[in-house]
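This report looks at charged side chains and at how they pair with one another. Please keep the sequence and the 3D view open while you read.

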Amino acid sequence: MTKKVVIVGGVAGGATAAAKLRRISEDVEIILVERGEHISFANCGLPYYIGETIKDRSKLLVQTVKGMSDRFKIDIRNLSEVLSIDPEHKNVTIKNLQTEEVYVETYDKLLLSPGARPIVPPIPGLNENETLFTLRNIPDTDKIKNYVDQQNPKKAVVIGGGFIGIEMAENLVDRGIEVTLIEMSNQIMAPIDFEMASILHAHLKEKGVRLVLENGVQSFADQGKQVILSDGTIIHTEMTILSIGVRPENELAKTAGLDLGERGGILINEYLQTSNKDIYAVGDAVEVVDYISGTKAMIPLAGPANRQGRIAANNMMGKHEKYQGTLGTSIAKVFDLAVAATGNNEKTLKRLGVPYEVVHIHPSSHAGYYPGAAPIALKLIFDKETGKIFGAQAVGSDGVDKRIDVIATAIKGGLTVEDLTNLELSYAPPFSSAKDPVNMAGYVATNIIEGELEHVQWHEIDGIVAAGGVLVDVREPMEREFGFIEGSINIPLNELRNRLAELSKDQTIYVSCQVGLRGYLASRILKNNGYKVKNVDGGWKTYSSVFGTNIDKDCETTTNDLGETVVKCNDNIQADVTLDVAGLACPMPVVKLKKGIDSLESGKVIELQVTDRGSLNDIPAWARKSGHSILKMDQSEKVIKFWIKKK
C-alpha cells in the first residue's frame with residue numbers, strides 16, 4: 001500500500017499528479033519538491049505576457065503554493081532541489097535553496113517530473129553576451145519583460161523557429177521591435193512540412209519579420225550586440241532570444257542509474273514506470289511512444305504531460321492504466337494565422353521508410369457567402385492501401401483548430417480516410433459548409449484509394465514538364481495573369497470537351513487549376529474519354545505557396561549613418577474605388593478585380609479587400625504582368641487589403 005509519494009517538479013505533470021493523488025486518497029502523504037518559486041504556471045502563456053496580450057502577471061500562476069497546499073493537503077517544498085536519489089534505500093536527498101539545509105526524505109513511490117531545459121550551445125561570445133535570454137519559467141519571463149519595458153530595444157534577434165521562437169518573434173513585433181528570426185533548417189515549425197511552412201514564411205515577412213533560413217549562429221561579438229552567422233553575415237541587435245529547442249532534465253535519473261533513451265529522455269514503460277518499478281516519470285523529461293509509428297520520440301507538450309500525471313497517480317495507487325502514446329497534436333498562433341498539426345509528417349514517415357500518400361485542399365473556413373470566410377490550407381497524409389490516417393496539417397486564419405482536432409480524434413478512434421467522408425459535423429453558414437473541410441479531405445483521399453483520381457505533388461510537376469510532360473491549366477485565362485506553372489498550356493475547364501483533339505492519348509496528360517477541384521473535374525472528363533491523366537495536387541495555390549512571388553510595396557530605400565538599409569513605405573493612400581470580395585472562392589475575386597480595374601481611368605486607385613491568402617502571391621504577379629502598381633498591402637485580422645493603381 002502506497003503511504004508516501006515524493007514528486008520532483010511541479011507544473012503540468014507533477015502538479016497534476018499531486019492533485020490526482022489526493023483525489024484518490026485522503027491518507028497518502030504527498031510531498032512536492034520544486035526547485036523554482038512557482039509550482040504551477042502557464043508555460044504557454046509566457047510569450048503573450050511579454051507581448052502584453054496578457055496584461056496581468058498573476059493570471060500566469062495557475063495555482064499558488066498556499067492555494068494548492070490548503071486545497072489538496074500537500075506538503076509543498078518550493079525553492080528546494082532534489083540533489084540525488086537512492087533507489088536501493090528508497091530515499092532522496094533534498095537541499096533547501098533558501099537555508100542551504102540538506103536532508104534525506106524517504107518515499108514509497110517517487111515521481112520524476114523535472115521537465116526540460118533550453119539548449120544553450122557553446123557559441124563563441126555567448127558568455128559575454130549581456131542581453132541573451134532563454135524562456136522557460138516565470139523568472140525568465142520577468143527578465144525579458146523588464147528588459148523590454150526599461151531598455152526599450154529597437155532590434156531583436158530570435159534564434160530558433162519552433163513554437164517559442166515564433167511566439168516570441170510575434171510578441172516582440174507587437175511591442176514595436178524590429179525582429180530577425182534565424183533558423184538553421186530550411187523551414188520554421190518542424191511538426192509541419194515545407195510547403196505548409198512556406199505559407200508561414202510569407203506571412204512573417206508580410207508582418208515585417210526578417211526571416212533567415214538555412215543559416216546558423218557562428219558567434220556573438222560586441223557583448224552580444226552583433227550576431228555573426230555561419231555565412232559571415234553580421235546582424236546588429238539589442239537583445240537575443242535563444243530558442244533552439246530543449247533537452248530533458250535527466251541528471252537525477254542518470255545518477256540514480258535509471259535507463260535513458262538515445263535522446264537522453266528517461267525511459268518508461270506503458271505504465272509510466274522507469275527501469276525501477278517504484279520510480280515513475282512524466283512530462284518533457286521522458287521518451288514517449290509515438291502513437292502513429294510506435295517508435296520512441298521526444299514530444300514536449302503540455303496536454304500529454306497532464307495526462308501522464310493523472311495516469312502515473314493512478315498507477316502509483318495500485319491501478320494498471322496504460323499510457324497509449326503521444327500523437328503530437330499541436331497548434332500555434334503566427335500573427336493572423338494559426339498552424340496546427342497532428343500525427344506524423346512526411347519527414348517522419350520518410351525517415352521511417354513508411355509508404356504514404358498526400359492530399360492538399362484549400363476550402364473556406366465556413367460558407368463563402370457568409371461574411372468573414374477565410375481559406376484553410378489542409379494537408380492529409382494517409383496509407384493508400386488501408387486508408388489509415390498518418391497525420392494532418394493545417395494553416396489558416398479561422399477554423400484550423402476545429403479541423404485538426406476532428407482528425408486527431410479520428411486517428412485515436414481508428415477511423416480511415418473513408419470514414420472522414422461519413423462524419424456528421426455541425427453546420428451553419430457562420431461556422432462551416434455543408435461539406436466540411438474534413439469531409440472534403442476524406443473525399444479526395446478516398447478518390448485516390450479507389451482509383452478515381454491519380455495525382456502528382458507540387459515538387460514533382462516542374463521536373464515532369466521539363467522532361468516533356470504536357471500540363472494543362474484548366475483555369476480561366478485571366479486567372480493565369482496572377483501566376484501559373486511555367487510550361488503549362490491553357491484550356492479552360494468549360495472548353496475542355498470541345499478541345500480534346502488538341503491533346504494526345506499517347507502520353508499522360510497532367511492537369512492543374514487553382515486548388516485542385518477543377519483539375520479533378522478535368523481529369524474525370526479526360527479519363528472518361530480514354531486519356532491517361534494525373535492532377536496536380538492542391539493546384540496553383542499549393543505550388544505557389546513555395547514558388548510564388550512576394551509582395552512588392554511602393555517603398556523608398558535609403559542608407560542611414562550606420563550603413564544600415566532603411567525602408568520607408570508609402571502608407572497614406574486614398575482609394576477611388578473599394579472592392580470587397582472577402583469570402584469569395586476562386587475564380588470570383590479575380591473576375592471582380594479585373595472588371596473593377598477595367599472600369600477605372602488610368603492612374604486611379606482601387607482598394608481590394610480579400611480573405612483568400614493565395615492573393616498574396618497571385619495579385620502581385622498579375623499586377624506586374626499587366627503593368628498595374630500595388631501601392632500598399634495591409635492586413636487586419638482575416639482581411640487582406642491591396643491598393644492597386646491602374647497603369
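## Terms and model

A residue is called buried when its relative accessible area is under 20%, exposed when that area is over 50%, and partly exposed in between, using a 1.4 Å probe and protein chains only. The model is predicted, so local features need pLDDT of at least 70 and side-chain atom pairs count only at pLDDT 80 or more, while totals for chains, interfaces and linings use all residues. Residues are numbered from 1 along each chain as its sequence is written, and side-chain values use heavy atoms, with hydrogens and water left out.

## Salt bridges across the chain

A salt bridge is a side-chain nitrogen of Lys or Arg within 4 Å of a carboxyl oxygen of Asp or Glu, and by this rule the count is 33. One of them joins Lys333 to Glu170, with the closest N and O atoms 2.2 Å apart. This pair links distant parts of the chain, since Lys333 lies in strand β24 (residues 330-334) and Glu170 in helix α5 (residues 163-174), 163 residues apart; helices (H or I, at least four residues) and strands (E, at least two) are DSSP runs, numbered from the N terminus. Lys333 is partly exposed at 39% relative accessibility, whereas Glu170 is buried at 2%.

Lys347 pairs with Asp193, the closest N and O atoms being 3.7 Å apart. Lys347 is partly exposed at 36% relative accessibility, while Asp193 counts as buried because its relative accessible area is 3%.

## A network

Salt bridges also link Arg35, Glu81, Arg117, Arg136 and Glu249 in a network.
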